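Have the model open as you read.

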Amino acid sequence: MAIFLLLLLLLVSAVSGDEDAYIGVNIGTDLSDMPTPTEVVALLKAQRIRHVRLYDADQAMLLALAKTGIQVTVSVPNDQLLGIGQSNATAANWVARNIVAHVPATNITAIAVGSEVLTALPNAAPILVSALKFIHSALVASNLDDQIKVSTPHSSSIILDSFPPSQAFFNRSWDPVMVPLLKFLQSTGSYLMLNVYPYYDYMQSNGKIPLDYALFRPLPPNKEAVDANTLLHYTNVFDAVVDAAYFAMSYLNFTNIPIVVTESGWPSKGDSSEPDAIVDNANTYNSNLIKHVLNNTGTPKHPGIAVSTYIYELYNEDLRPGSDSEKNWGLFDANGIPVYTLHLTGADTVFANDTTNKTFCIAKRGADPKMLQAALDWACGPGKVDCSPLLMGHPCYEPNNVASHSTYAFNAYYQRMAKSPGTCDFKGVATITTSDPSHGLCIFPGSSRKNGTLINGTSLAPSSNDTSSARPPQSYGTGSFTTSVMIGVLLTGAVFL
């Protein structure tokens, strides 16, 4: 399942300043323990993320996003681009299968056709605009073109001489593509998608770009970069790159196309050649970026004009090839635990990232049912957890399976032990999550929910269709364990913490 997601707030329809900017984050899928779509959506809700972008049109993810109100950008992957760009019928079939089949339940608002095609897949460049037009024509045929915009993300490396911004222009070898592309964006009321990475600009500058300038840190006036042609002052790399794109478009006589930054972020860890890929810098960059965007600051060229932005990325990707930094762009690990706590005072419309005190202990997906049962028996016996809510007729009896019951018991023990390190392991069958596993009338210890109300609207409890069999429910109560289980624990000296 290829999902790449990015969190956002609201799409800009024109360079007018009439709409507020939104912020977003990527969700990669190169994880050894990729969260399920239900878990991804639960985290999005918990973080108040109202806009996501998928790097494909994953069906399970689109279904999980249905009826959430979250605005979704789906993507045509690069490996499907040639077929769609060469066939109107193929494009129509793609739209029917991935868009029409899901709206209006899933709030799809945009389609990203390919990703950095000019630099990553240049042989497909000649058909890129055709692909956008074919996709758009299919939307028109379904009366969805007003609701769903079509564009394609570009690497900022297609902009040459980006400083001073007023002298920037697109690589002229791509004019045969960029001119018709910009005409298409203008005529359909769409926007330029741009990936902006000050981290790479800083790393490749050979010391010419100060770290503070890349991280949005305050600079004294004499350290600000000044465009000698416009006398505009630039206090950060991000604004300079965005304005360079505005100027590059104006060089081709397009002045009213807005920009959405589809990727931006900073890695929290790197190898020995990446000394500035550290948690503090990643936190500083993303916190400052979010505040900068949500304050509707705009850029020096277009002050007050929304520059909505997707942060790269939601999860760390431990399986991603390349240097250590490639694996560590995420705000969260695969369990939904923050890599760091964003500094977002005054910008709390999105990201409840300070979830360090809102953690729960749950059974790992795919854990051995026998191991779960043994750990469950320990928690409800020697662990002194009150497992009476798991008895038949009580709120947490359903779903009646070992995964669901052990999740309740594991979490009850974890909360009773004040979430101390090592209290959510149970011989490797438990894991920590920030998603509240409460469901229906079953309120888990540590939850802020009341009377079975689901704050996030999503339950992470294992389905009642789970094939893992549970012990008879009466065995879950404290003091109700069979002699054979208790002897087994004593003889083996098993400790499940």
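The largest cavity holds about 50 Å³ of space. Keep in mind that we're looking at a predicted model here.

Who sits around that cavity? Its lining is made up of Phe238, Asp239, His292, Val293, Asn296, Thr297, Gly298, Thr299, Ile305, Ala306 and Val307. Two elements, H10 and helix H11 (279–294), each give two or more residues to this lining. Sorted by class, the lining of the largest cavity has five nonpolar residues, five polar ones and one charged.

The cavity count comes to two, taking those of 30 Å³ or more. The second largest cavity has a volume of about 30 Å³. Around the second largest cavity you'll find His136, Asp145, Ile148, Lys149, Val150, Thr188 and Ser190. That lining splits into two nonpolar, three polar and two charged residues.

### The open space

The largest pocket is lined by 30 residues, and the closest to its centre are Ser156, Tyr197, Tyr200, Asp201 and Gln204.

Which helices each supply at least two residues of the lining of the largest pocket? They are helix H8 (198–203) and helix H10 (237–251). H10 makes the largest contribution to the lining of the largest pocket, with three residues.

By class, the lining of the largest pocket counts 15 nonpolar, six polar and nine charged residues.

### The cysteine links

On to the covalent side of things. A disulfide is a bond between the sulfur atoms of two cysteines, and this structure holds three of them. Here they are together:

| Disulfide | S to S distance | Angle about the S-S bond | Handedness |
|---|---|---|---|
| Cys361 and Cys424 | 2.0 Å | 90° | right-handed |
| Cys380 and Cys387 | 1.9 Å | -85° | left-handed |
| Cys396 and Cys442 | 1.9 Å | 100° | right-handed |

What does the link of Cys361 and Cys424 tie together? Cys361 lies in strand E15 (residues 360–363), while Cys424 is in the loop between helix H13 (402–416) and strand E16 (430–433), so the pair ties together parts that are 63 residues apart in sequence. Are these two cysteines buried or exposed? Both Cys361 and Cys424 are buried.

Next comes the left-handed link, Cys380 to Cys387. Both of its cysteines, Cys380 and Cys387, are buried as well.

That leaves the pair of Cys396 and Cys442, with sulfur atoms 1.9 Å apart.

If you number the bonded cysteines along the chain, the disulfides follow the pattern 1-5, 2-3, 4-6. In that scheme, 2-3 is one of the links to look for when you trace the chain on screen.

Conventions: Residues numbered from 1 in each chain as written. Predicted model: local features only at pLDDT ≥ 70, side-chain atom pairs only at ≥ 80, totals over all residues. Heavy atoms only, no water. 1 Å grid on protein atoms, 1.4 Å probe; cavity = no way out; pocket = protein on both sides within 12 Å on 5 of 7 lines; lining within 4 Å. Helix = DSSP H or I, 4+ residues; strand = E, 2+ residues; numbered from the N terminus. Nonpolar A, V, L, I, M, F, W, Y, C, P; charged D, E, K, R; others polar. Disulfide = S-S within 2.5 Å. Buried < 20%, exposed > 50% of the residue type's maximum accessible area, 1.4 Å probe, protein only. Points joined across faces, edges and corners; volume = space filled by probe spheres on them.
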